[in-house]
Amino acid sequence: MKCLRLAAAMISAAITLSAGAQSLWNRSHLENLKRDIKQSCYAESFRNLLAEADSALNCRPLSVMDKFKAPASGDKHDYMSQARYAWADPTKPDGLPYIMRDGESNPELERLDRVPLSTTTGRINNLALAYYLTGEEKYAAKAAELIRVWFLDPATRMNPNLEYAQVFPGHNGDKGRSYGLIDSYSFIDMVNAVPLLEGSASFDTADSEALKDWFRAFTRWMLTSEQGREEDAGANNHSVAYDAQIIAYALYTGDNETAERVIAAFPKRRMYKQIDPDGRQPHELTRTRAFHYSWYNLTHFVDIMLMAKNMGKDISNVSSFDGRNLYRALDFLIPYIVYGKEVWPYQEIGDWDEVVQNLVRDLYRTGTYLVPYREDYVRIYNEYGEYRPGELFNLIYLDKCNKE
């Protein structure tokens with residue numbers, strides 16, 4: 001409670017967002033959140049945020065140098081991860097080459113860079129938002145430290161590429177695969193959180209420009225590398241996630257032209273090709289986690305449409321002549337929220353209830369920020385969504401304490 005009272009007292013001194021600061025997160029909502037943070041519906045989530053941020057203050061910064069082995073390049077500065085569903089072949093003495101077990105995550109991946117990357121971005125998000133809401137410099141200072149260690153300091157920085165992301169051991173000379181580009185998806189929220197640090201004493205103009213330079217180089221790699229070109233040519237959730245990242249990083253670094261180009265092409269290149277007229281997503285329905293991937297693809301759709309709308313390029317109401325659009329795909333999944341896994345006609349070996357919660361949160365984002373006339377989406381969230389006070393969703397997206 002002491003942190004809560006102190007934060008509330010300092011809200012008037014906290015920074016104000018500059019125009020163009022966010023691509024995905026809604027600037028008006030963040031400003032309203034700062035004003036309304038003392039309301040009861042936000043209080044518990046705010047306390048959780050401060051607890052997470054305070055815990056991060058004592059954490060050692062993570063870096064790509066921490067992994068137990070170097071990738072095939074021999075350079076630990078190169079990010080490295082292992083394909084999530086790749087497992088040692090039990091019929092081979094050394095397990096090589098690995099084999100695929102779709103939908104079954106191999107815990108070996110936790111020993112490389114994927115978990116530290118997501119942990120670091122999550123901590124930066126919490127710290128930046130805590131700084132924005134409280135004005136307390138200690139949060140900005142820690143966030144800046146984490147940014148410098150992961151991205152900027154010569155001794156520890158990650159090289160701006162994913163050449164060795166999602167390696168499939170024993171295949172392709174142990175080089176990364178195009179699918180590995182999805183590993184960096186958490187950077188999207190992070191480049192929305194980082195502008196909240198602007199104006200702090202700890203994250204100065206030099207830091208800001210250096211980080212943007214890193215993302216410029218990273219975006220160039222994504223656009224021109226073999227893995228990037230292959231991901232761009234894909235036909236499932238990976239290609240949509242690729243587009244979302246290019247848009248977010250381009251907007252963060254001021255390259256509006258690239259962002260606008262990807263957004264303009266998105267309906268015909270992705271949506272009309274990946275969604276059937278009845279709302280099915282055939283590329284996702286072949287998976288062993290068909291419900292999960294049907295939602296997962298659509299969360300990228302929602303991210304892209306929110307970014308487009310926030311930059312004044314609204315594509316939320318586009319549709320093909322035969323009805324291929326985001327809402328048809330969401331509507332296809334909604335009955336299974338109500339009736340459950342028992343009536344789902346495809347495979348789903350994952351956590352059904354967790355996917356339902358993710359889906360209803362995206363319905364809420366859609367019905368609140370994209371198409372407010374779809375009040376049914378918000379009602380579904382209100383009826384089936386679980387209020388989890390530790391979720392950043394409650395602060396980043398929950399509007400006017402709609403869900404209590």
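## Core and surface of the predicted model

Helix α12 is mostly covered, with 19 of its 21 residues buried. The structure described here is a predicted model. From its first C-alpha to its last, α12 reaches 30 Å, close to the 30 Å expected at 1.5 Å a residue. Just after α12, Gly312 takes a positive phi of about 80°.

The largest nonpolar core has 116 residues, and Phe151, Phe187 and Phe215 have the most contacts inside it. Helix α12 (residues 290-310) supplies the largest share of this core, 13 residues. In soluble globular proteins, nonpolar side chains tend to be buried together.

Leaving aside residues up to four places away in sequence, Phe187 touches Leu117, Thr121, Trp150, Phe151, Met158, Trp214, Phe215, Phe218 and Tyr249. Two of these partners, Trp150 and Phe151, are among the buried residues of helix α5 (residues 137-152). The buried residues of α5 also include Tyr139, Lys142, Leu146 and Ile147. They pack against four helices, as tabulated below.

| Helix packed against α5 | Residues |
|---|---|
| α3 | 40-56 |
| α4 | 114-134 |
| α6 | 187-193 |
| α7 | 205-224 |

On the surface, Val338, Tyr339 and Val343 form a nonpolar patch with about 310 Å² of accessible area together. Val338 lies in helix α13 (residues 326-339). Val338 counts as partly exposed because its relative accessible area is 41%, between the limits of 20% and 50%.

Conventions. Residues are numbered from 1 along each chain as its sequence is written. This is a predicted model: local features need pLDDT of at least 70, side-chain atom pairs count only at pLDDT 80 or more; totals for chains, interfaces and linings use all residues. Side-chain values use heavy atoms; hydrogens and water are left out. A nonpolar core is a set of buried Ala, Val, Leu, Ile, Met, Phe, Trp, Tyr and Cys residues joined through side-chain atoms within 4.5 Å. Buried means under 20% relative accessible area, exposed over 50%, partly exposed in between (1.4 Å probe, protein chains only). Helices (H or I, at least four residues) and strands (E, at least two) are DSSP runs, numbered from the N terminus. Contact means heavy atoms within 4.5 Å. The expected span of a helix is 1.5 Å times one less than its number of residues. Patches are made of residues with over 30% relative accessible area and no salt bridge: like charges are joined within 9 Å, nonpolar side chains (Val, Leu, Ile, Met, Phe, Trp, Tyr) within 5 Å. Accessible areas come from the Shrake-Rupley method with a 1.4 Å probe; for residues, only the protein chains shown count as cover. A salt bridge is a side-chain nitrogen of Lys or Arg within 4 Å of a carboxyl oxygen of Asp or Glu.
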